[in-house]
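Q: Could you walk me through this structure? I am new to it and would like to ask as we go.

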Amino acid sequence: PRAPRLDAPDKATGRAVYTDDIRRPGMLHGAILHSPHAHARIKRIDVSRAQALPGVHAVITAADAPATRYGVSPARYDETVFATGKVRHVGEELAAVAADNREIALQALDAIEGEYEQLPVVLDAREALAPGSPVIHELYPGNLNAEVHQEFGDVESVRSRAAVVRSGRLESEMQDGAFLEPQSAIAE
C-alpha cells in the first residue's frame with residue numbers, strides 16, 4: 001500500500017499555507033517583466049516612469065545585475081539573470097520591481113518602456129540547425145550548444161550478432177511538473 005501523504009488533509013481542506021499566504025512586517029512584493037518577443041534585439045529599456053511611482057522601492061535590469069553566466073552545466077552557461085542585448089524566447093526576464101504591494105509592482109511593470117528590433121524566429125530545433133538559419137545565441141554558431149555521442153561496450157560486435165537491428169528516431173513531448181502554486185520565495 002501507498003504511504004499516506006502527510007500534507008494531504010491540509011491541502012484538501014484549504015488549511016495549507018503557501019508562500020502567497022505569508023505576510024511579514026515591511027514586506028515588499030516583487031514582479032518580473034518578461035519579454036513579449038521570441039527573438040529581438042533590446043534597443044532600449046526605460047524604467048524611469050516605474051521608479052517614479054509611489055510605493056516602488058527598486059527597479060532593476062541587466063544594467064544593474066552582474067553579467068555572470070549560469071545554466072545547466074559549466075559547458076552550457078548561456079543564461080544571465082536578465083536578458084542582455086537581446087531576448088531569445090518569449091518570457092525571458094527583462095526587469096524586476098520591488099514595491100509595497102503586488103498591485104503597485106504590476107503597475108510599475110506596465111510603466112516600463114521597452115523598444116525592440118524584432119529578429120527572425122526559429123521555432124523548430126531541426127530548422128535551427130539548418131545552414132543559414134538565424135543565429136539565436138552568438139555563443140553557439142549554427143545554434144548548436146552541445147553534441148553528445150555515447151556508446152557503451154563493444155557496439156559493433158553486438159550489432160553483428162544481433163537477430164534484429166532497429167534504428168530510428170525517438171521523440172517525446174516536453175514535460176514539466178504541475179505546481180500547486182507559482183514558484184516563489186520569501187526572504188528576511
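The conversation below takes up the sheet, the core, the salt bridges and a few single residues.

Q: What kind of model is this, and how are residues numbered?
A: This is a predicted model, in which local features need pLDDT of at least 70 and side-chain atom pairs count only at pLDDT 80 or more, while totals for chains, interfaces and linings use all residues. Residues are numbered from 1 along each chain as its sequence is written, and side-chain values use heavy atoms, with hydrogens and water left out.

Q: Which strands form the open sheet, and in what order?
A: The open sheet has three strands in the order β6-β2-β8, with antiparallel pairing. The edge strands are β6 and β8 (113–118), each of which pairs on one side only. Strands here are DSSP runs of E of at least two residues, helices are runs of H or I of at least four, and both are numbered from the N terminus. Two strands count as paired if DSSP finds at least two bridges between them.

Q: How many bridges join β2 and β6?
A: Strand β2 (residues 40–46) pairs with β6 over two bridges, in the antiparallel sense. Arg41 stands opposite Lys86 in β6.

Q: Is Gly91 buried or exposed?
A: Gly91 has a relative accessible area of 19%, so it is buried. Buried means under 20% relative accessible area, exposed means over 50%, and partly exposed lies in between, with a 1.4 Å probe and protein chains only. Leaving aside residues up to four places away in sequence, Gly91 touches His34 and Ser35, where contact means heavy atoms within 4.5 Å.

Q: Moving on, how many residues are in the largest nonpolar core?
A: The largest nonpolar core has 20 residues, and those with the most contacts inside it are Val56, Val59, Val97 and Ile112. The elements β1 (29–34), β2, β3 (56–61), β7 and α3 (102–111) each supply at least two of its residues. The largest share, five residues, comes from α3. A nonpolar core is a set of buried Ala, Val, Leu, Ile, Met, Phe, Trp, Tyr and Cys residues joined through side-chain atoms within 4.5 Å.

Q: What does Ile112 touch?
A: Not counting residues up to four places away in sequence, its contacts include Leu33, Ile45, Val59, Ala95 and Val97.

Q: And the salt bridges: how many are there?
A: A search of the whole structure finds 13 salt bridges. A salt bridge is a side-chain nitrogen of Lys or Arg within 4 Å of a carboxyl oxygen of Asp or Glu.

Q: Which parts does the bridge between Glu113 and Arg49 tie together?
A: The closest N and O atoms of Glu113 and Arg49 are 2.9 Å apart. Glu113 lies in strand β8 and Arg49 in helix α2 (residues 48–52), so the pair ties together parts that are 64 residues apart in sequence. Both residues belong to a network of salt bridges that also links Lys43, Arg44, Asp46 and Glu115.

Q: What about Glu188 and Arg24?
A: Their side chains meet in a salt bridge (3.2 Å, N to O). This pair links distant parts of the chain, 164 residues apart: Glu188 is in the segment after α5, and Arg24 is in the loop between α1 (8–13) and β1. Glu188 counts as exposed because its relative accessibility is 81%, whereas Arg24, at 38%, counts as partly exposed.
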